[in-house]
Amino acid sequence: MSHQSQSDVVVGSNGYQPQESARQPSQLTQAVHAGEERYISHHSVTVPIVQTSTYTFKDTAALIDFVESHMFWDVPEREEYGRYGNPTVRAAEAKIAALDKAEDALLTSSGMAAITSTLLIMLSTGDHFIITEDCYRRTRAFCRTFLTRFGIECTTVRPGDYDGIEAAIQPNTRLIFSESPTNPFMRCLDYARLADIAKRHKIKTAVDTTFGTPMNVRPIEYGIDLVIHSVTKYLAGHNDLLAGCVVGNFEITTALRQSQGVLGAVVDPHCGYLILRGLKTLGLRMRQHNASGLAVARFLEDHTKVKRVWYPGLESHPDHPIAAQTMEGFGGVISFEIDGDGPATSRFIDSCRIPRIGPSLGGVESLIEQPAIISYYDTDPDVRQSLGISDELVRLSLGIEETADLIADLAQALDAV
Ligand SMILES: *Cc1c(COP(=O)(O)O)cnc(C)c1O
C-alpha cells in the first residue's frame with residue numbers, strides 16, 4: 001500500500017488515538033472521538049464536509065498506482081469517485097463500526113437501502129432464508145414482493161420461537177434475518193442463542209437493531225454476523241435526515257461496498273456530516289431516552305386508563321429476562337393499549353401537547369402514533385388483529401425532553417380518555 005504524499009490529513013499527531021495500555025475508552029468517549037483520526041485536516045476539530053463528486057490525480061503515474069492497488073481497502077488511502085467513497089462519510093462509518101465493536105460499517109441512503117442491499121448481496125436464486133414475523137413492515141414487503149420474483153424463498157417464524165427457527169432451516173437456507181427490539185411490541189432476541197443455531201448450520205445472521213443502538217446492545221459481541229441500523233432514527237437522532245447502515249466484518253462490508261458502487265444508494269457528504277454530528281451526542285441522548293423510557297413505562301403501567309404496556313425494561317414484558325441480560329438500557333419507545341376504544345385512544349393522542357403525531361422514532365422530539373391508523377389503516381382487519389395491532393394500541397417514541405414534563409403531559413392527556 002503506497003503512502004499518500006499530497007494529503008493534508010494529519011494522522012496521530014493531533015488525532016485521538018486510544019493507547020494499547022490505556023484504559024479502554026467507554027462508549028460515551030468513543031461516540032465523540034472514534035473513527036475521525038484519519039480525517040482531521042487543516043487543524044480543524046471537526047471532520048470537514050468534503051463536498052465533492054470526484055477526486056483528482058497528480059499525474060498518470062499516480063492514477064496507475066491507484067488502480068493497481070486494491071480499490072476497496074478496509075481503510076482506504078484515498079478516494080476516486082463519490083459513489084465509491086467520501087472522507088466525511090467514511091469517518092461516520094468508522095465511528096459506527098467502533099461503537100458496534102465491528103470491523104467495518106457501510107452507510108446507505110436509507111435504512112431500507114441497508115436492508116435491501118444486504119438481502120440482495122447475501123441471497124441468490126434458489127436460496128432460502130428465515131425472517132422473524134414482526135420485522136419492519138417494508139422489510140417483509142421486500143421479501144414478499146421482490147425477492148420471490150427472483151426465486152428466493154422465505155419462511156416466517158414467530159419471534160422467540162428458536163425451535164421454530166431451527167426447524168425451518170433447509171439445505172439451501174443462507175440467512176436468518178431478525179430484528180430486536182421489534183416494532184411495536186419490543187420483542188428482544190437472545191442473540192447468542194440465534195448465533196449458535198446459525199453457526200451449527202453454517203448460516204449467516206443479520207439483525208436490525210435500530211431500536212437498540214450500539215449504546216444499548218451490540219449483537220456482534222454475541223456472534224451475530226451483521227447489524228443493520230436505520231440511522232434515520234437514534235443514530236442521527238434529530239429527525240432531519242434519512243440514512244441506513246450495515247455493520248459487520250470486512251468480508252461482508254467489502255462485498256456490500258462493491259454492490260453499492262453498482263446499486264448506487266449512497267449518502268451525500270452533507271448527510272454524512274449530519275450523521276457524524278448526531279453520533280457525537282448518541283451516548284448522552286440514549287441516557288436520557290433510556291431514563292425517560294423506564295420512568296414513563298412504569299407510570300403508564302400503573303395508570304388505570306392503560307390496559308397494557310410493552311417495554312422490555314418492565315418485568316411484565318415477555319422478553320424482560322433476556323433484555324435485562326443483553327441490554328444496557330431499553331430505549332425510548334413504548335407501546336401501550338388504552339383502556340377504551342379507538343376514538344378514546346385518538347382523543348388521548350390529540351390531547352398530548354409535547355409528543356407530536358407522526359411516524360418514525362429515535363429523534364430528540366417525542367412522537368406519538370396509533371399504529372392502526374398510521375401504518376395499518378388499509379390493512380384487512382383480520383390481518384391487523386392477527387398481528388395484535390388493536391385500535392387502542394399507541395406507540396410513543398420519547399424524545400429528550402425532561403422526563404417529568406413528559407409524564408405530566410401524558411397524565412393530563414389520559415384524563416381525556
Ligand atoms: C425506520 C426503520 C427502518 C427503515 O429505515 P428508513 O431509514 O426509514 O429507510 C428499518 N427498520 C426499522 C426497525 C425501522 O424502525
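**Exercise 1. State which strands helix 13 lies across in this predicted model, and its angle to strand 12.**

Solution. Helix 13 covers residues 342-351. It lies across strand 9 (333-338), strand 10, strand 11 and strand 12. Relative to strand 12, helix 13 runs at about 20°. Helices (H or I, at least four residues) and strands (E, at least two) are DSSP runs, numbered from the N terminus; axes are lines fitted to C-alpha atoms, for helices over the stretch in contact (heavy atoms within 4.5 Å), and angles run from 0 to 180 degrees between N-to-C directions.

The model is predicted, with local features needing pLDDT of at least 70 and side-chain atom pairs pLDDT 80 or more, while totals for chains, interfaces and linings use all residues. Residues are numbered from 1 along each chain as its sequence is written, and side-chain values use heavy atoms, without hydrogens and water.

**Exercise 2. Give the strand order of the open sheet of 5 strands and identify its edges.**

Solution. The order is 8-9-12-11-10, with mixed pairing; two strands pair if DSSP finds at least two bridges between them. Strand 8 (306-310) and strand 10 (356-357) each have a single partner strand, so one side of each lacks a neighbour in the sheet. Strand 11 (367-369) and strand 12 (393-397) pair antiparallel over 3 bridges. L367 has S397 in strand 12 as its bridge partner.

**Exercise 3. Locate I203 and decide whether it is buried or exposed.**

Solution. I203 sits in the loop between helix 7 (191-200) and strand 5 (204-208). Its relative accessible area is 5%, so I203 is buried (under 20%; exposed is over 50%, partly exposed in between; 1.4 Å probe, protein chains only). Leaving aside neighbours within four places in sequence, its contacts include I169, L175 and D225.
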